[in-house]
Amino acid sequence: MTTKTASTVGKAFTAISVAASAAIVAITKQAVKAYAEYEQLIGGVETLFKDSTKRIQKYAQEAYKTAGLSANEYMKTAISVSASLIQSLGGDTAKAADIANMAIIDMSDNVNKLGTDAERVKLAYAGFARQQYVLLDNLALGYQGTKTEMERLLRDAEALTGVKYDINNLADVYSAIHAIQEELGIAGTTAKEAEKT
């Protein structure tokens with residue numbers, strides 16, 4: 001090996017080493033940031049769910065296969081709808097955790113199966129938490145964005161399940177949407193796709 005070749009090889013190894021070090025630093029920073037965000041989100045979950053915090057954490061850890069979300073993204077979404085949900089369930093945090101999990105999976109299934117925009121679906125669900133139905137049509141389930149159309153969705157869900165749904169109860173609204181998505185073959189699509197990948 002000539003001196004020139006050795007010098008070129010040495011420079012190449014140095015460049016690779018510098019690039020690898022930079023990549024490791026970047027990955028480490030991302031990991032630290034993600035963990036810090038996770039810790040902050042846990043605080044929010046603990047505030048809302050109290051004794052049911054572990055249940056939400058378990059759902060968050062499974063979210064990559066059930067909803068196609070990271071644990072952090074799952075907890076952000078759960079926090080955004082849970083105050084109203086817990087209130088609609090008379091403070092039952094365990095049931096609220098289960099309904100929030102169902103709703104988050106339904107959101108992902110809707111996006112996955114119908115190709116709807118994820119942010120638009122999240123905005124619709126957040127609106128339902130405030131009894132605003134203008135974004136109901138974002139779900140592409142065949143209902144327009146009005147209270148009358150949400151009432152029709154609840155009646156249609158009742159016809160499917162035999163359960164009476166109350167538009168003033170967020171848990172009922174989310175459960176009725178779930179029933180409609182099950183009927184349309186939307187429910188469970190994200191988990192099925194995760195099994196194949």
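At roughly what angle do the axes of helix H6 and helix H7 cross? In this predicted model, the axes of H6 (residues 147–161) and H7 (residues 170–183) cross at roughly 65° and come within 9 Å. The crossing of these helices is left-handed. On the H6 side, the contact is formed by Met-150, Leu-153, Leu-154, Asp-156, Ala-157, Leu-160 and Thr-161; H7 contributes Asp-172, Val-173, Ala-176, Ile-177, Ala-179, Ile-180 and Glu-183. By residue class, the contact of H6 with H7 comprises ten nonpolar, three charged and one polar.

When residues up to four places away in sequence are not counted, Tyr-174 touches Val-81, Leu-85, Ile-99, Met-102, Ala-103, Asp-106, Tyr-125, Phe-128 and Ala-129.

Helix H4 (residues 93–114) also contains Ser-108. This residue counts as buried because its relative accessibility is 12%, under the 20% cut-off. The side chain of Ser-108 lies 2.7 Å from the backbone oxygen of Ala-67. With neighbours within four places in sequence left aside, Ser-108 is in contact with Ala-67, Leu-69 and Thr-190.

Note on methods
Residues numbered from 1 in each chain as written. Predicted model: local features only at pLDDT ≥ 70, side-chain atom pairs only at ≥ 80, totals over all residues. Heavy atoms only, no water. Axes fitted to C-alpha atoms, helices over the stretch in contact; angles between N-to-C directions. Helix = DSSP H or I, 4+ residues; strand = E, 2+ residues; numbered from the N terminus. Left-handed = near helix turned anticlockwise from the far one by under 90°. Contact = heavy atoms within 4.5 Å. Nonpolar A, V, L, I, M, F, W, Y, C, P; charged D, E, K, R; others polar. Buried < 20%, exposed > 50% of the residue type's maximum accessible area, 1.4 Å probe, protein only. Polar contact = N/O pair within 3.5 Å; in protein donor to acceptor, adjacent residues only side chain to side chain.
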